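Please keep the sequence and the model in view while reading.

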Amino acid sequence: MHLSRFPRLHLAHLPTALEPMERLSRELGVELWIKRDDCTGMSTGGNKTRKLEFLMAEALEQGADMVMTQGATQTNHGRQTAAFAARLGLKCHLLLEDRTGYNNPNYNQNGNVLLDHLHGATTEKFPAGHDMPGEMERAAERKRAEGHKVYVIPGGGSNPTGALGYVNCAMELVGQANDRNLKIDRVVHATGSSGTQAGLVTGMCAMNAQIPVLGIGTRAPREKQEQMVYDLACRTAEKLGCPGVVKREDVVANTDYVGEGYGLPTKAGIEAIRMFAELEGILLDPVYSAKGASGLIDLTRKGAFKGERVVFVHTGGSVALFGYDFAFDHANRWVNL
(Lines give C-alpha, C1' and ligand atoms only; values in the text may rest on other atoms or scores of the structure.)
Protein backbone atom coordinates (compact mmCIF):
# COMPACT_ATOMS: atom_id res chain seq x y z
CA MET A 1 0.00 0.00 0.00
CA HIS A 2 1.38 3.34 -1.07
CA LEU A 3 -0.30 5.91 1.20
CA SER A 4 1.82 8.73 -0.18
CA ARG A 5 -0.64 8.84 -3.06
CA PHE A 6 -2.97 10.68 -0.68
CA PRO A 7 -2.53 14.21 0.72
CA ARG A 8 -1.15 14.05 4.25
CA LEU A 9 0.31 16.33 6.87
CA HIS A 10 3.12 15.03 9.07
CA LEU A 11 2.34 16.54 12.45
CA ALA A 12 1.85 13.41 14.55
CA HIS A 13 4.60 12.05 16.77
CA LEU A 14 5.12 8.77 14.95
CA PRO A 15 5.84 5.96 15.22
CA THR A 16 4.17 5.61 18.59
CA ALA A 17 5.82 3.27 21.06
CA LEU A 18 4.96 -0.43 21.27
CA GLU A 19 5.62 -1.41 24.88
CA PRO A 20 5.13 -4.47 27.09
CA MET A 21 2.79 -4.05 30.07
CA GLU A 22 4.76 -6.30 32.38
CA ARG A 23 2.96 -5.66 35.67
CA LEU A 24 -0.51 -5.86 34.15
CA SER A 25 0.54 -9.04 32.34
CA ARG A 26 1.62 -10.64 35.62
CA GLU A 27 -1.63 -9.55 37.26
CA LEU A 28 -3.79 -11.07 34.51
CA GLY A 29 -1.65 -14.01 33.43
CA VAL A 30 -1.47 -13.11 29.71
CA GLU A 31 1.25 -11.32 27.74
CA LEU A 32 -0.07 -7.83 27.11
CA TRP A 33 1.52 -5.05 25.07
CA ILE A 34 0.32 -1.51 24.40
CA LYS A 35 0.51 0.68 21.30
CA ARG A 36 0.80 4.20 22.68
CA ASP A 37 -1.49 6.14 20.39
CA ASP A 38 -2.29 8.34 23.37
CA CYS A 39 1.12 9.89 22.62
CA THR A 40 0.58 11.08 19.04
CA GLY A 41 0.98 14.77 19.87
CA MET A 42 -1.37 17.66 19.01
CA SER A 43 -2.96 18.76 22.28
CA THR A 44 -2.06 15.68 24.38
CA GLY A 45 -2.56 13.23 21.50
CA GLY A 46 -4.97 10.40 20.81
CA ASN A 47 -6.18 8.34 17.89
CA LYS A 48 -7.75 11.26 16.02
CA THR A 49 -4.32 12.74 15.26
CA ARG A 50 -3.60 9.96 12.76
CA LYS A 51 -6.94 10.55 11.03
CA LEU A 52 -6.53 14.32 11.01
CA GLU A 53 -3.19 14.14 9.21
CA PHE A 54 -5.13 12.98 6.15
CA LEU A 55 -8.36 14.93 6.75
CA MET A 56 -6.70 18.29 7.33
CA ALA A 57 -4.40 17.80 4.34
CA GLU A 58 -7.51 17.28 2.23
CA ALA A 59 -9.04 20.43 3.77
CA LEU A 60 -6.00 22.48 2.77
CA GLU A 61 -5.98 20.95 -0.70
CA GLN A 62 -9.59 22.09 -1.13
CA GLY A 63 -8.73 25.62 -0.01
CA ALA A 64 -10.71 25.59 3.24
CA ASP A 65 -10.33 28.41 5.72
CA MET A 66 -12.58 26.76 8.31
CA VAL A 67 -13.07 23.21 9.51
CA MET A 68 -16.17 21.97 11.27
CA THR A 69 -17.00 18.78 13.12
CA GLN A 70 -19.32 17.43 15.79
CA GLY A 71 -19.30 15.12 18.79
CA ALA A 72 -20.28 14.75 22.42
CA THR A 73 -19.48 17.47 24.96
CA GLN A 74 -16.17 15.86 25.92
CA THR A 75 -15.21 14.92 22.37
CA ASN A 76 -11.54 14.05 21.96
CA HIS A 77 -11.94 14.45 18.22
CA GLY A 78 -13.15 18.03 18.62
CA ARG A 79 -10.15 18.94 20.79
CA GLN A 80 -7.65 17.47 18.34
CA THR A 81 -9.41 19.08 15.36
CA ALA A 82 -9.21 22.45 17.13
CA ALA A 83 -5.49 21.91 17.75
CA PHE A 84 -4.81 21.08 14.10
CA ALA A 85 -6.78 24.13 13.00
CA ALA A 86 -4.77 26.35 15.35
CA ARG A 87 -1.50 24.92 14.02
CA LEU A 88 -2.59 25.50 10.42
CA GLY A 89 -4.16 28.92 10.90
CA LEU A 90 -7.71 27.77 10.12
CA LYS A 91 -10.94 28.63 11.90
CA CYS A 92 -12.61 25.78 13.76
CA HIS A 93 -16.26 25.42 14.72
CA LEU A 94 -17.47 22.53 16.89
CA LEU A 95 -21.01 21.28 17.45
CA LEU A 96 -21.26 19.61 20.86
CA GLU A 97 -24.13 17.28 21.73
CA ASP A 98 -25.10 16.65 25.37
CA ARG A 99 -25.36 12.85 25.34
CA THR A 100 -25.18 12.38 29.12
CA GLY A 101 -27.39 15.03 30.73
CA TYR A 102 -24.62 15.87 33.21
CA ASN A 103 -24.89 19.34 34.77
CA ASN A 104 -21.50 19.08 36.46
CA PRO A 105 -19.51 22.26 35.67
CA ASN A 106 -16.26 20.38 35.08
CA TYR A 107 -17.95 18.10 32.57
CA ASN A 108 -19.32 21.08 30.66
CA GLN A 109 -16.36 23.47 30.97
CA ASN A 110 -13.19 21.54 31.84
CA GLY A 111 -11.27 18.75 30.10
CA ASN A 112 -11.67 18.73 26.34
CA VAL A 113 -14.06 21.72 26.38
CA LEU A 114 -11.44 23.90 28.05
CA LEU A 115 -8.86 22.90 25.45
CA ASP A 116 -11.32 23.45 22.57
CA HIS A 117 -11.59 27.08 23.58
CA LEU A 118 -7.89 27.49 24.36
CA HIS A 119 -7.19 26.46 20.77
CA GLY A 120 -9.55 29.18 19.56
CA ALA A 121 -12.48 27.02 18.45
CA THR A 122 -16.03 28.31 18.61
CA THR A 123 -18.71 25.94 19.88
CA GLU A 124 -22.46 25.36 19.72
CA LYS A 125 -24.25 23.09 22.15
CA PHE A 126 -27.22 20.84 21.40
CA PRO A 127 -29.40 18.59 23.58
CA ALA A 128 -29.29 14.85 23.09
CA GLY A 129 -31.11 13.24 20.19
CA HIS A 130 -30.41 15.81 17.52
CA ASP A 131 -29.57 14.93 13.91
CA MET A 132 -26.00 16.11 14.37
CA PRO A 133 -24.83 15.53 10.77
CA GLY A 134 -27.83 17.55 9.64
CA GLU A 135 -27.12 20.28 12.18
CA MET A 136 -23.54 20.39 10.96
CA GLU A 137 -24.56 20.85 7.35
CA ARG A 138 -26.90 23.66 8.34
CA ALA A 139 -24.15 25.30 10.37
CA ALA A 140 -21.73 24.91 7.46
CA GLU A 141 -24.19 26.64 5.14
CA ARG A 142 -24.47 29.55 7.57
CA LYS A 143 -20.70 29.88 7.71
CA ARG A 144 -20.45 29.67 3.94
CA ALA A 145 -23.00 32.45 3.69
CA GLU A 146 -20.64 34.52 5.86
CA GLY A 147 -17.90 33.95 3.28
CA HIS A 148 -16.04 30.99 4.74
CA LYS A 149 -14.88 27.99 2.75
CA VAL A 150 -15.85 25.19 5.12
CA TYR A 151 -14.47 21.66 5.20
CA VAL A 152 -16.85 19.37 7.10
CA ILE A 153 -15.38 16.43 9.03
CA PRO A 154 -17.74 13.68 10.20
CA GLY A 155 -17.92 12.80 13.89
CA GLY A 156 -14.79 10.98 14.99
CA GLY A 157 -13.12 11.75 11.66
CA SER A 158 -14.58 8.44 10.51
CA ASN A 159 -14.73 8.36 6.73
CA PRO A 160 -12.39 6.67 4.23
CA THR A 161 -9.97 9.60 4.30
CA GLY A 162 -9.72 9.55 8.09
CA ALA A 163 -9.50 5.75 8.21
CA LEU A 164 -6.27 5.95 6.19
CA GLY A 165 -4.64 7.04 9.44
CA TYR A 166 -5.30 3.62 10.92
CA VAL A 167 -4.36 1.76 7.77
CA ASN A 168 -1.04 3.47 8.35
CA CYS A 169 -1.11 2.43 12.02
CA ALA A 170 -1.61 -1.21 11.02
CA MET A 171 1.42 -0.98 8.74
CA GLU A 172 3.44 0.70 11.48
CA LEU A 173 2.48 -1.91 14.08
CA VAL A 174 3.31 -4.86 11.84
CA GLY A 175 6.63 -3.23 10.94
CA GLN A 176 7.50 -2.81 14.63
CA ALA A 177 6.57 -6.43 15.31
CA ASN A 178 8.66 -7.65 12.38
CA ASP A 179 11.68 -5.61 13.46
CA ARG A 180 11.53 -7.16 16.96
CA ASN A 181 10.61 -10.69 15.84
CA LEU A 182 7.42 -10.26 17.87
CA LYS A 183 4.48 -12.42 16.86
CA ILE A 184 1.20 -10.62 17.61
CA ASP A 185 -1.81 -12.87 18.10
CA ARG A 186 -4.50 -10.21 18.49
CA VAL A 187 -5.13 -6.46 18.57
CA VAL A 188 -7.75 -5.03 20.94
CA HIS A 189 -8.99 -1.44 21.14
CA ALA A 190 -12.02 0.72 21.93
CA THR A 191 -14.34 1.24 18.95
CA GLY A 192 -16.93 3.98 18.59
CA SER A 193 -17.44 5.99 15.42
CA SER A 194 -15.75 3.09 13.55
CA GLY A 195 -12.82 4.79 11.78
CA THR A 196 -10.07 3.36 13.95
CA GLN A 197 -11.25 -0.23 13.66
CA ALA A 198 -12.10 0.10 9.97
CA GLY A 199 -8.60 1.38 9.22
CA LEU A 200 -6.87 -1.29 11.31
CA VAL A 201 -8.92 -4.11 9.78
CA THR A 202 -8.41 -2.82 6.25
CA GLY A 203 -4.68 -2.45 6.77
CA MET A 204 -4.29 -5.88 8.33
CA CYS A 205 -6.32 -7.56 5.58
CA ALA A 206 -4.54 -5.73 2.77
CA MET A 207 -1.18 -6.86 4.16
CA ASN A 208 -2.44 -10.40 4.84
CA ALA A 209 -1.04 -9.91 8.34
CA GLN A 210 -3.39 -12.53 9.78
CA ILE A 211 -3.74 -10.54 13.01
CA PRO A 212 -7.38 -10.40 14.16
CA VAL A 213 -8.68 -7.06 15.44
CA LEU A 214 -11.23 -6.97 18.27
CA GLY A 215 -13.09 -3.74 18.86
CA ILE A 216 -14.60 -3.22 22.30
CA GLY A 217 -17.71 -1.12 21.70
CA THR A 218 -18.38 2.14 23.53
CA ARG A 219 -21.84 3.05 22.26
CA ALA A 220 -23.77 0.94 19.72
CA PRO A 221 -25.20 -2.60 19.86
CA ARG A 222 -22.97 -5.27 18.34
CA GLU A 223 -24.79 -5.76 15.04
CA LYS A 224 -24.91 -2.03 14.37
CA GLN A 225 -21.30 -1.47 15.44
CA GLU A 226 -19.94 -4.27 13.27
CA GLN A 227 -21.97 -3.13 10.27
CA MET A 228 -20.70 0.44 10.63
CA VAL A 229 -17.10 -0.79 10.77
CA TYR A 230 -17.54 -3.20 7.87
CA ASP A 231 -19.20 -0.59 5.64
CA LEU A 232 -16.40 1.91 6.30
CA ALA A 233 -13.70 -0.74 5.88
CA CYS A 234 -15.13 -1.63 2.46
CA ARG A 235 -15.14 2.02 1.39
CA THR A 236 -11.61 2.46 2.71
CA ALA A 237 -10.42 -0.59 0.76
CA GLU A 238 -11.98 0.87 -2.39
CA LYS A 239 -10.15 4.14 -1.78
CA LEU A 240 -6.90 2.19 -1.46
CA GLY A 241 -7.58 0.30 -4.68
CA CYS A 242 -8.08 -3.12 -3.11
CA PRO A 243 -11.87 -3.59 -3.05
CA GLY A 244 -13.10 -6.83 -1.54
CA VAL A 245 -10.03 -7.40 0.62
CA VAL A 246 -12.10 -7.12 3.82
CA LYS A 247 -14.59 -9.90 4.52
CA ARG A 248 -17.53 -9.57 6.89
CA GLU A 249 -16.01 -12.11 9.27
CA ASP A 250 -12.91 -9.90 9.63
CA VAL A 251 -14.95 -7.34 11.58
CA VAL A 252 -15.57 -8.35 15.19
CA ALA A 253 -16.87 -6.15 18.00
CA ASN A 254 -17.78 -6.98 21.57
CA THR A 255 -20.31 -4.51 22.98
CA ASP A 256 -20.80 -6.05 26.42
CA TYR A 257 -18.90 -3.23 28.14
CA VAL A 258 -20.87 -0.15 27.01
CA GLY A 259 -22.74 0.03 30.33
CA GLU A 260 -25.75 2.34 30.56
CA GLY A 261 -24.75 4.31 27.49
CA TYR A 262 -22.23 6.40 25.63
CA GLY A 263 -20.16 8.68 27.84
CA LEU A 264 -21.49 7.15 31.07
CA PRO A 265 -18.68 5.66 33.19
CA THR A 266 -18.90 2.04 34.30
CA LYS A 267 -17.62 0.34 37.43
CA ALA A 268 -15.47 -1.96 35.27
CA GLY A 269 -14.11 1.05 33.38
CA ILE A 270 -13.14 2.77 36.63
CA GLU A 271 -11.39 -0.43 37.73
CA ALA A 272 -9.49 -0.43 34.41
CA ILE A 273 -8.43 3.19 34.96
CA ARG A 274 -7.13 2.23 38.41
CA MET A 275 -5.26 -0.83 37.17
CA PHE A 276 -3.56 0.93 34.25
CA ALA A 277 -2.67 3.94 36.44
CA GLU A 278 -1.39 1.96 39.42
CA LEU A 279 0.30 -0.91 37.59
CA GLU A 280 1.65 0.80 34.45
CA GLY A 281 1.55 4.58 35.04
CA ILE A 282 -0.80 4.93 32.05
CA LEU A 283 -3.93 7.10 32.04
CA LEU A 284 -7.19 6.02 30.38
CA ASP A 285 -10.39 7.99 29.84
CA PRO A 286 -13.87 6.94 31.07
CA VAL A 287 -15.56 7.23 27.66
CA TYR A 288 -13.40 5.17 25.29
CA SER A 289 -10.10 3.70 26.42
CA ALA A 290 -11.33 2.63 29.87
CA LYS A 291 -14.25 0.72 28.38
CA GLY A 292 -11.92 -0.87 25.83
CA ALA A 293 -9.51 -1.81 28.62
CA SER A 294 -12.33 -3.13 30.82
CA GLY A 295 -13.24 -5.51 28.00
CA LEU A 296 -9.60 -6.53 27.63
CA ILE A 297 -9.32 -7.21 31.37
CA ASP A 298 -12.59 -9.11 31.72
CA LEU A 299 -12.07 -11.25 28.62
CA THR A 300 -8.54 -12.04 29.79
CA ARG A 301 -9.85 -13.14 33.19
CA LYS A 302 -12.35 -15.37 31.40
CA GLY A 303 -9.58 -17.08 29.44
CA ALA A 304 -10.43 -15.62 26.02
CA PHE A 305 -6.78 -14.79 25.26
CA LYS A 306 -5.08 -17.74 26.95
CA GLY A 307 -1.64 -18.34 25.45
CA GLU A 308 -1.85 -15.25 23.22
CA ARG A 309 0.25 -12.12 22.90
CA VAL A 310 -2.25 -9.26 22.80
CA VAL A 311 -1.63 -5.64 21.80
CA PHE A 312 -3.97 -3.01 23.25
CA VAL A 313 -4.12 0.11 21.06
CA HIS A 314 -4.50 3.04 23.46
CA THR A 315 -6.72 5.57 21.68
CA GLY A 316 -6.00 8.36 24.18
CA GLY A 317 -8.46 10.77 25.74
CA SER A 318 -7.08 11.14 29.27
CA VAL A 319 -7.90 14.88 29.16
CA ALA A 320 -11.53 13.84 29.66
CA LEU A 321 -10.65 12.64 33.17
CA PHE A 322 -10.78 16.27 34.29
CA GLY A 323 -14.36 16.48 33.08
CA TYR A 324 -15.31 13.30 34.94
CA ASP A 325 -13.81 14.04 38.37
CA PHE A 326 -17.24 13.41 39.94
CA ALA A 327 -16.95 9.72 38.97
CA PHE A 328 -14.16 9.39 41.54
CA ASP A 329 -15.68 11.50 44.37
CA HIS A 330 -16.51 8.63 46.72
CA ALA A 331 -15.13 7.46 50.04
CA ASN A 332 -13.81 4.40 48.26
CA ARG A 333 -12.89 6.10 45.03
CA TRP A 334 -12.90 3.02 42.80
CA VAL A 335 -15.83 0.78 43.61
CA ASN A 336 -18.88 2.86 44.48
CA LEU A 337 -19.84 4.18 41.06
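Two residues are said to be in contact when heavy atoms of each lie within 4.5 Å. The structure is a predicted model, in which local features need a pLDDT of at least 70 and side-chain atom pairs count only at pLDDT 80 or more, whereas totals for chains, interfaces and linings use all residues. Residues are numbered from 1 along each chain as its sequence is written, and side-chain values use heavy atoms, with hydrogens and water left out.

With this definition of contact, K48 touches N76, H77, Q80, G156 and S193, if residues up to four places away in sequence are not counted. K48 is located in helix 2, which covers residues 48-61; helices here are DSSP runs of H or I with at least four residues, strands are runs of E with at least two, and both are numbered from the N terminus. K48 has a relative accessible area of 8%. It is therefore classed as buried, a term that means under 20% relative accessible area, while exposed means over 50% and partly exposed lies in between (1.4 Å probe, protein chains only). An unreviewed UniProt entry lists K48 under "modified residue: N6-(pyridoxal phosphate)lysine"; such annotations may be inferred rather than shown by experiment, and their positions are given in the numbering used here, with feature names shortened.

The protein as a whole is assigned two domains: domain 1 (18-44 + 159-327) and domain 2 (47-153). These bounds come from an automatic or database domain assignment. Taken over C-alpha atoms, the domain centres are 24 Å apart. How much area do domain 1 and domain 2 bury between them? The value is about 2,600 Å², 56% of it on carbon and sulfur atoms; buried area is the accessible area (1.4 Å probe) that two parts lose on being put together, summed over both. On the side of domain 1, M42, S43 and Y262 lose the most area to domain 2, together 23% of what that side buries.

Charged groups also link the domains, with 2 salt bridges counted between them. A salt bridge requires a side-chain nitrogen of Lys or Arg within 4 Å of a carboxyl oxygen of Asp or Glu. R50 forms a salt bridge with E172, their closest N and O atoms being 2.8 Å apart. Helix 7 (160-179) provides the largest share of the side of domain 1 that touches domain 2, namely 8 residues.
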